[in-house]
Protein chains: 2
Amino acid sequence: MKIVVTGAAGFLGQRLIAALLDRGEMTTADGVLSAITQIVAFDRIAPQHCVDPRVLPKIGDIAEAAAIADLIDSDTDSVFHLAAIVSGEAERDFDLGMRINLDATRAIMERMRNATPGAKLVMTSSVAVFGGQMPATVPDDLVWRPQSSYGTQKAINDLLLADYSRRGYLDGRSLRMPTIVVRPGKPNAAASSFASGIIREPLAGIEARCPVDLATLLWLMSPDQAVRNLLHGHELPAEALGRDRVINMPGLSVTVSEMLQALRQVGGATAAEKVTVDRDPAIEAIVNSWPGNFDATQARGLGFTADPDFPSIVAAFMRETGRMPTVTGAR
Amino acid sequence: MKIVVTGAAGFLGQRLIAALLDRGEMTTADGVLSAITQIVAFDRIAPQHCVDPRVLPKIGDIAEAAAIADLIDSDTDSVFHLAAIVSGEAERDFDLGMRINLDATRAIMERMRNATPGAKLVMTSSVAVFGGQMPATVPDDLVWRPQSSYGTQKAINDLLLADYSRRGYLDGRSLRMPTIVVRPGKPNAAASSFASGIIREPLAGIEARCPVDLATLLWLMSPDQAVRNLLHGHELPAEALGRDRVINMPGLSVTVSEMLQALRQVGGATAAEKVTVDRDPAIEAIVNSWPGNFDATQARGLGFTADPDFPSIVAAFMRETGRMPTVTGAR
């Protein structure tokens with residue numbers, strides 16, 4: 001079985017590839033559990049070095065038709081498409097966002113339709129497709145009313161994936177992800193970047209700025225949980241999904257204040273005191289347009305899962321980065 | 001004031017142009033009531049001959065960038081974009097539908113952004129964006145879950161129009177139209193074509209086939225009402241719309257059986273007996289995926305209106321085509 005992963009150098013891509021290698025076999029669109037023979041790890045920059053002979057790194061520009069033609073062929077069984085321009089960058093540079101987030105995704109779908117019809121496509125969507133007046137808990141049938149170009153582009157991808165799936169051009173699954181926390185590495189141009197920064201930086205002894213009010217409600221998922229759900233989304237049989245190919249993931253509904261309490265509880269008071277609230281209206285406008293809670297009925301029925309609580313997310317991040325949590329999670 | 005109309009040779013385009021000429025002035029994006037100096041009537045075929053010197057006919061392929069560049073320039077104040085591939089055709093020929101319904105619409109928006117930023121764009125969307133499990137009456141905040149490629153393409157246009165408007169690239173208004181009945185002329189490849197055919201053909205003494213069950217509930221609007229709403233949608237100030245640029249129009253919720261009763265009442269028993277039910281599963285699958293009723297709260301609040309009842313739609317069509325209604329509408 002040959003699997004393509006785009007955005008392979010990203011933190012989620014790297015974890016996904018590690019999890020796929022660890023698992024060793026996945027189910028093809030025909031429903032056959034098959035050994036993973038190759039993972040093509042595509043990104044614009046070189047992915048983390050990987051000694052596993054099953055991984056074939058490929059560097060290229062996903063906006064180029066030739067790169068996509070080279071990436072996906074008749075042997076490709078599944079594509080995990082994670083590559084994207086983040087929300088802040090897509091808002092600043094509309095054309096870049098359209099090219100990478102929309103046109104490249106559509107080109108991948110077209111290539112799959114022509115080269116390997118019916119293959120599986122697992123994609124990440126975003127809560128940024130929602131906006132405007134919303135109930136406190138978002139039901140699965142709430143209209144998508146994106147208030148950013150990133151959310152618009154993700155919503156369009158979702159519509160395309162559903163139609164390509166309905167027509168049998170591919171077997172698509174779009175997982176609408178909560179904000180992923182704690183991301184490792186450096187802050188990025190996502191409007192949600194602070195949500196990782198206010199945990200990651202203090203734990204490394206660095207001052208962190210929180211650009212939103214403490215009462216801001218976020219909808220969160222840990223990187224490990226996201227990978228578990230990506231694998232689960234891939235493995236679900238098409239019949240279980242029917243025509244509903246775009247799935248609001250379960251998550252944790254947590255205020256920034258609760259996040260900082262968890263940081264204090266699990267990471268210690270010294271860490272928690274490194275966070276300063278310094279509100280940024282541009283970031284608040286985007287973040288406040290996202291919903292803070294979902295019922296995720298369809299997803300739970302399909303067996304997708306959420307993290308148990310926020311302290312355990314902080315504790316897992318500390319263990320991953322070689323630190324010892326003060327308290328290992330609330331439960 | 002210079003106005004561009006695409007799909008100008010279509011029945012709605014022709015009526016819209018006549019109504020614009022009759023009105024003589026419209027409001028620009030700056031809020032200034034201005035005399036209409038030119039209407040560029042664009043279509044792939046020659047529009048109906050028009051002696052009014054304000055109308056400039058233009059024949060071209062909307063899928064060509066050069067045609068769009070030639071069509072819209074810095075003098076263009078408003079665009080009414082009506083050109084589209086109908087639902088049945090977009091379902092049969094996916095690539096054609098994507099090219100005309102999606103890519104050409106996006107190209108129009110890009111051209112407006114570059115040549116005449118902030119100009120008004122009035123577009124028709126469709127109830128075909130809805131599907132799957134739905135409440136009996138569709139609320140304004142129901143998710144779009146298209147079950148056809150046509151519906152998918154219209155939904156994507158709606159998302160783009162909202163984002164282009166939010167960014168100030170244009171001042172967009174997308175009116176989500178009910179099925180327009182009674183269309184004049186010949187049957188077309190729209191899955192909803194029968195809804196006009198079962199009135200139009202019998203009144204002309206021709207046998208008509210009804211491909212859906214008599215209990216099928218349709219959401220309808222007359223051509224005149226559609227034009228009234230297009231003009232109203234153009235004239236509304238941007239502040240009244242805010243970010244909600246995609247508006248479910250009010251309409252009439254009528255069963256096919258009620259339509260045939262109205263035909264009998266207004267057009268006579270001889271006409272009504274020319275309709276035979278001969279169900280077509282392919283058409284029923286598409287038509288039954290569309291909702292039969294909407295609350296259209298936002299639209300009514302903004303002053304959009306519906307026809308009073310179905311007999312008056314039949315009576316208006318008869319008068320237009322030089323026939324005398326038996327009873328001139330129910331009220």
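This is a predicted model: local features need pLDDT of at least 70, side-chain atom pairs count only at pLDDT 80 or more; totals for chains, interfaces and linings use all residues.

Where is the place of A:Val182? The place of A:Val182 is in the loop between strand E9 (179-180) and helix H6 (193-203) of chain A, where helices (H or I, at least four residues) and strands (E, at least two) are DSSP runs, numbered from the N terminus. Residues are numbered from 1 along each chain as its sequence is written, and chains are lettered from A and ligands numbered from 1 in the order in which they are written.

Another backbone detail is at A:Ala296, whose phi is near 50°, a positive value in a residue other than glycine. For context, most residues other than glycine have a negative phi, and most peptide bonds are trans. A:Ala296 sits in the loop between helix H11 (281-288) and helix H12 (297-301) of chain A, and it counts as buried because it has 23 C-beta neighbours inside 10 Å; buried means that 20 or more other C-beta atoms, placed from the backbone, lie within 10 Å of a residue's own.

Let me turn to the sheet in chain B. Seven strands form an open sheet in the order E5-E4-E1-E6-E7-E8-E12, with parallel pairing, and two strands pair if DSSP finds at least two bridges between them. Strand E5 (55-59) and strand E12 (246-248) of chain B stand at the edges with a single partner strand each, so one side of each has no neighbour in the sheet. From one strand to the next, the twist averages 20°.

Strand E4 (residues 38-43) of chain B has five of its six residues buried. Five bridges link strand E1 (residues 2-6) of chain B to E4(B) in the parallel sense, with B:Ile39 as the bridge partner of B:Ile3. On to E5(B), which runs parallel to E4(B) and is joined to it by five bridges; there B:Ile39 has B:Val55 as its bridge partner.

Further along, strand E6 (residues 76-81) and strand E7 (residues 120-126) of chain B pair in the parallel sense over four bridges, and B:Val79 stands opposite B:Leu121 in E7(B).

Finally, how do the chains relate? A rotation of 180° with 0.0 Å of shift along its axis superposes chain A on chain B, with an RMSD of 0.0 Å, the superposition being by least squares on the C-alpha atoms of residues with pLDDT of at least 70 in both copies. The two copies are therefore related as by a two-fold rotation axis, and in chain A the C-alpha nearest that axis belongs to A:Val143, 1.8 Å from it.

The contact takes 16 residues from chain A and 16 residues from chain B, where residues are in contact if their C-beta atoms, placed from the backbone, lie within 7 Å. Helix H5 (residues 149-166) of chain A gives the largest share of the side of chain A that touches chain B, six residues. Because 100% of the interface residues of chain A are also interface residues in chain B, the copies meet through the same surface.

Methods:
Axes are lines fitted to C-alpha atoms, for helices over the stretch in contact, and angles run from 0 to 180 degrees between N-to-C directions. Two residues are in contact if their C-beta atoms, placed from the backbone, lie within 7 Å. A residue is buried if 20 or more other C-beta atoms lie within 10 Å of its own, exposed if 12 or fewer, and partly exposed in between; C-beta atoms are placed from the backbone.
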